[in-house]
Amino acid sequence: MKYVLKGIGLGVSLNIANRLCSFIFSTYETLNMMFLPAVIFGVVIAAFLVSDTIPHLFICGFMGLLTMFFSEIFIVSQLFSPLKSLEFYLTGLSVSKFSIALAIVLTVKHIKISDYIKKDGASMNKTLKIKIIVYALISAISFSYLVLPENAGISVLIFAVLQFVSLWFVVPNKKRLILFIPILIMSVNCFVSANPIWKVSNFIISILLYSSMFIDFEIKTDSFAFIGNIFTRLAASFSRFLLPFKWALELNSEKAPTIKRIAIALVIAIPSAIILILVLSNADMVFSLKTESVVGYLADFINPNALFKIMFGIVVGLFLFGNLYNAYAEKDKEKREARHFNGDLIIINILLVTILVVYTLFVVIQFTYLFAGTTLPDGLTYTEYARKGFFELLTLTGVNIAIILTVVKLTKAYGGKWLQCTKILCHYLCAITIILLVSSFYRMLLYTNDDGLTRLRFFVMVFLGFEAVGLIITFIYIAKPKFNIVFIYMMIALTYYTLLNVVPTDYIIAKDQIDNYVKGQREELEYIFTLSPDAVPAMETLIEYTNDDELRMKVKKFVEEGTSFEIPDRWQRFNLSVENAKDILQRIE
């Protein structure tokens with residue numbers, strides 16, 4: 001019954017959240033409303049869904065969904081047009097998958113918000129508590145002012161530097177700040193590049209890096225537990241959202257009871273007043289008109305963009321507070337014994353031999369047709385041959401690595417000749433995987449030479465280089481599995497990703513396309529006009545080469561659109577790539 005009532009509360013809360021978003025933002029059509037409703041809905045869903053067991057979580061979730069659905073049907077039919085109501089639900093529920101995953105992690109790990117509020121850092125002295133709260137305030141304010149402005153450039157880098165300096169003075173272990181280096185590199189991207197493709201992924205990866213910054217990684221073992229610990233730490237950071245408010249009340253203990261009573265009263269009174277006003281507005285036209293007049297008058301004094309930045313900044317500040325608190329929280333000294341599973345060496349070896357026979361035949365064909373240049377059957381061109389099956393081969397390299405890791409894990413406890421045979425087979429599979437990787441790279445190279453370089457092709461080619469490094473490490477791991485290879489893989493992937501943040505990808509792509517056009521190997525350049533202003537320096541060469549007035553005008557129009565914005569020109573938006581493009585525009589006019 002408890003979780004049925006929680007589900008009803010979830011449905012009602014989502015309905016109220018939808019009404020509040022409609023009430024605040026419905027008159028502002030130019031506002032980008034994707035983030036704020038998503039944050040509000042996400043916090044509500046995660047807070048209500050956390051339960052004692054997974055079945056209880058599903059009971060709460062389904063009951064919440066039913067309550068929201070039927071209450072929304074009633075309210076829409078009685079009070080509102082469905083269009084605006086649906087708009088906010090679609091934007092708000094866009095983050096529901098992440099919130100559900102977070103709630104499942106909290107439930108499985110038996111993490112409750114109340115548990116972390118009770119563990120209020122009693123062992124911490126007053127000075128340390130004040131430092132952590134001040135850090136949260138600095139983070140909230142600086143994030144709102146430096147990161148959230150549209151097209152933020154140099155200010156994002158300033159925010160990252162400010163974070164590093166702030167953490168340097170408050171973290172218990174400064175060595176862990178080495179994981180902040182990738183965040184700094186990603187923030188450089190906003191300053192030197194105008195390419196927007198990394199913004200969302202940079203934000204998500206930065207959150208994961210913050211969550212893993214103070215986790216103990218066991219580099220000398222092959223335990224994968226740290227992956228779950230990252231998400232557990234992430235959930236714990238969100239679960240401590242109320243803790244700084246409790247600390248603030250403790251610092252002012254005399255007025256704390258009164259403040260609590262006022263807060264409880266407001267939490268109950270404000271939603272009740274809103275619902276009552278909505279019902280009475282539907283019952284009386286005169287009251288409805290007066291209410292709309294008052295709402296319109298108040299709306300003139302509300303800057304929704306500023307409101308969004310303040311609320312989003314508060315959420316980020318509270319998250320960073322929880323993450324820093326995790327660094328000081330008492331560690332659980334009780335360690336669970338790891339469960340080990342052993343495989344059958346004979347079965348594993350037979351399976352490996354079967355797989356390797358098929359792969360060997362495939363490699364023979366690769367050398368015969370792809371590398372040796374033998375004539376292809378049925379008039380098939382090398383470009384068509386290279387294009388077909390590339391991503392299937394790339395997927396197989398990942399599957400092979402997973403097979404090798406699984407086999408090593410299952411046979412680690414064995415010894416003797418059968419184990420040596422298994423290692424030889426794994427080394428052979430690793431060598432086959434390297435050949436598949438070379439084949440994939442060569443196919444992509446042929447494809448690129450024919451159709452030109454694109455973002456996806458560039459990313460894949462760089463990825464293949466980093467995967468080759470991973471395979472070399474895998475070769476070593478098969479012989480001596482005495483280090484955490486998954487952690488190594490993650491560091492290689494992180495290096496690959498941060499490198500892409502600082503490499504001028506669009507410039508390299510545009511230069512390749514334009515060079516081929518100048519050499520007569522391409523007939524059109526439509527793709528370069530889909531890139532960011534980072535590509536403008538390469539286009540300057542095109543302006544000097546071509547006599548096609550239509551193409552010259554197209555380039556000028558592209559540069560003008562990439563460097564002119566309807567928003568005010570503020571210092572936070574200073575970007576080297578955009579400024580360079582503006583200088584080039586003046587030269588080519």
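Is S532 buried or exposed, and what is its relative accessible area? S532 is buried, at 5% relative accessible area. Buried means under 20% relative accessible area, exposed over 50%, and partly exposed in between, with a 1.4 Å probe and protein chains only.

This is a predicted model, in which local features need pLDDT of at least 70 and side-chain atom pairs count only at pLDDT 80 or more, while totals for chains, interfaces and linings use all residues. Residues are numbered from 1 along each chain as its sequence is written, and side-chain values use heavy atoms, with hydrogens and water left out.

**Figure 1. Overview of the protein.** The protein holds 25 helices and 0 strands. Helices (H or I, at least four residues) and strands (E, at least two) are DSSP runs, numbered from the N terminus. Of its 589 residues, 42% count as buried. Take the contacts between residues at least 6 apart in sequence: 79% of them join residues at least 24 apart. Contact means heavy atoms within 4.5 Å.

**Figure 2. The loop site at S532.** S532 sits in the loop between α22 and α23. Not counting residues up to four places away in sequence, S532 touches A194, N195, P196, R455, D506 and F558. V578 is 46 residues from S532 in sequence, and their C-alpha atoms are 9.5 Å apart.

**Figure 3. The nonpolar cores.** A nonpolar core is a set of buried Ala, Val, Leu, Ile, Met, Phe, Trp, Tyr and Cys residues joined through side-chain atoms within 4.5 Å. The largest such core has 97 residues. Within it, L167, Y210, M213, I528 and M539 touch the most other members. Y210 is in contact with Y135, Q163, L167, F180, I183, F319, L320 and N323, leaving aside its neighbours within four places in sequence. A second, separate core has 12 residues, including L10, C60, M68 and A103. C60 is buried at 0% relative accessible area.

**Figure 4. Aromatic pairs.** The structure contains 13 aromatic pairs. Rings of Phe, Tyr and Trp (its six-membered ring) pair if their centres lie within 6.5 Å; planes under 30 degrees apart count as stacked, over 60 as edge-to-face and the rest as tilted. The ring centres of F143 and F203 are 6.4 Å apart and the planes meet at 45°, so this pair is tilted. F143 belongs to helix α7 (residues 126-147) and F203 to helix α10 (residues 199-212), so the pair ties together parts 60 residues apart in sequence. F143 is buried at 5% relative accessible area, whereas F203 is partly exposed at 36%. For F529 and F558 the ring centres are 5.9 Å apart and the planes stand at 75°, so the pair is edge-to-face. F529 lies in the loop between α22 (505-518) and α23 (536-545), and F558 in helix α24 (residues 549-563), so parts 29 residues apart in sequence are tied together. Both F529 and F558 are buried.

Figure 5. Ring pairs link F164, W168, F180 and Y210 into a cluster. F180 is placed in the loop between α8 (154-170) and α9 (181-192). F180 is buried, with a relative accessible area of 0%. Leaving aside neighbours within four places in sequence, F180 contacts A160, Q163, F164, L167, Y210 and M213. K174 lies over the face of W168, at 5.6 Å from the ring centre. A charge sits over a ring if NZ of Lys or CZ of Arg is within 6 Å of the ring centre and within 35 degrees of the ring normal.

**Figure 6. The loop site at L453.** L453 is in the loop between α19 (417-451) and α20 (455-479). L453 counts as buried at 8% relative accessibility. Leaving aside neighbours within four places in sequence, its contacts are T448, F458, M461, I508, I509, D512, Q513 and Y527. D512 is 59 residues away along the chain, with a C-alpha separation of 6.5 Å from L453.
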